[in-house]
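Me: Hi! I'm new to this one and would like a friendly walk through it. Could you show it to me before we start?

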Amino acid sequence: MPQLITKGYKALLAEAEAKVETLSVEQANALVGRDDVVFVDLRDPRELEREGRMPGAFHCPRGMLEFWIDPESPYAKPVFQADKRFVFFCAGGWRSALAAQAAQEMGLKPVAHIAGGFGAWKKAGAPFDAPEPRNASDKG
């Protein structure tokens, strides 16, 4: 018998968007360089290599977020214990909406995410570090 999905990703995203602050690229860009803001890049390492990075953003693969936030976890990262505002982003804004909601539900605050993610960030001409060019001798 096939699985019956009772709540799809669209419903999950709508719930997350209703519960967390969503920033436009312009709003997020205005926060760059502030000592009280941490940008959290949720993309996987291959995406960073392929697309580039936001300067100064903290990289946290989406699959580790809850473990890195919880101070009780053996994987806890001190950055998430700081009294700062956390702005999450991914490639297109879906993972970051769900991640911001999870972080908020865990008690991290204040949190927000960037509408359209890193793709919208780059398209708007916001600052980013281009990926390192791959050498022809690289195998992989």
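Predicted model: local features only at pLDDT ≥ 70, side-chain atom pairs only at ≥ 80, totals over all residues.

Me: Thanks! Which residues of α1 meet which residues of α5?
Reply: Tyr 9, Leu 12, Leu 13, Glu 15, Ala 16, Glu 17 and Lys 19 in α1 meet Trp 94, Ala 97, Leu 98, Gln 101, Gln 104 and Glu 105 in α5. Contact here means heavy atoms within 4.5 Å. Helices (H or I, at least four residues) and strands (E, at least two) are DSSP runs, numbered from the N terminus.

Me: Okay, back to the helices. At what angle do α1 and α5 pack?
Reply: Helix α1 (residues 9–19) packs against α5 at about 55 degrees, and their axes are 9 Å apart. Axes are lines fitted to C-alpha atoms, for helices over the stretch in contact, and angles run from 0 to 180 degrees between N-to-C directions.

Me: Why are they called oblique to each other?
Reply: That angle of about 55 degrees is what makes α1 and α5 oblique. Angles under 35 degrees count as roughly parallel, over 145 as roughly antiparallel, 65 to 115 as roughly perpendicular and the rest as oblique.

Me: Let's zoom in on Gln 101. Is Gln 101 buried or exposed?
Reply: Gln 101 is buried, with a relative accessible area of 10%. Buried means under 20% relative accessible area, exposed over 50%, and partly exposed in between (1.4 Å probe, protein chains only). Gln 101 belongs to helix α5 (residues 94–106).

Me: And what is Gln 101 in contact with, leaving aside neighbours within four places in sequence?
Reply: Its contacts are Leu 12, Glu 15, Ala 16, Lys 19 and Val 20.

Me: New topic: the sheet. What is the order of the strands?
Reply: The sheet is open, has five strands in the order β1-β5-β4-β2-β3, and its pairing is parallel. β1 (21–23) and β3 (58–59) stand at the edges with a single partner strand each, so one side of each has no neighbour in the sheet. Two strands pair if DSSP finds at least two bridges between them.

Me: How many bridges join β4 to its partners?
Reply: Strand β2 (residues 37–41) and β4 share five bridges, and three bridges join β4 to strand β5 (residues 111–114). On the β5 side, Phe 86 stands opposite Val 111. The chain goes from β4 through α5 to β5, and this β-α-β crossover is right-handed. Right-handed means that, with the strands pointing away from the viewer, the path from the first strand over the helix to the second runs clockwise.

Me: Which way do the residues of β4 point?
Reply: Arg 85, Val 87 and Phe 89 point one way, Phe 86 and Phe 88 point the other way, and all are buried.

Me: What about β5, which residues are on each side?
Reply: Val 111 and His 113 are on one side and Ala 112 and Ile 114 on the other, all buried. His 113 has Thr 22 opposite, and Phe 88 also stands opposite His 113.

Me: Last one: where is Glu 132, and is Glu 132 buried or exposed?
Reply: Glu 132 is in the segment after α6 (117–123). Glu 132 is exposed, with a relative accessible area of 67%. Glu 132 and Leu 31 are 101 residues apart in sequence and 26 Å apart in space, C-alpha to C-alpha.

Definitions and conventions
Residues numbered from 1 in each chain as written. Heavy atoms only, no water.
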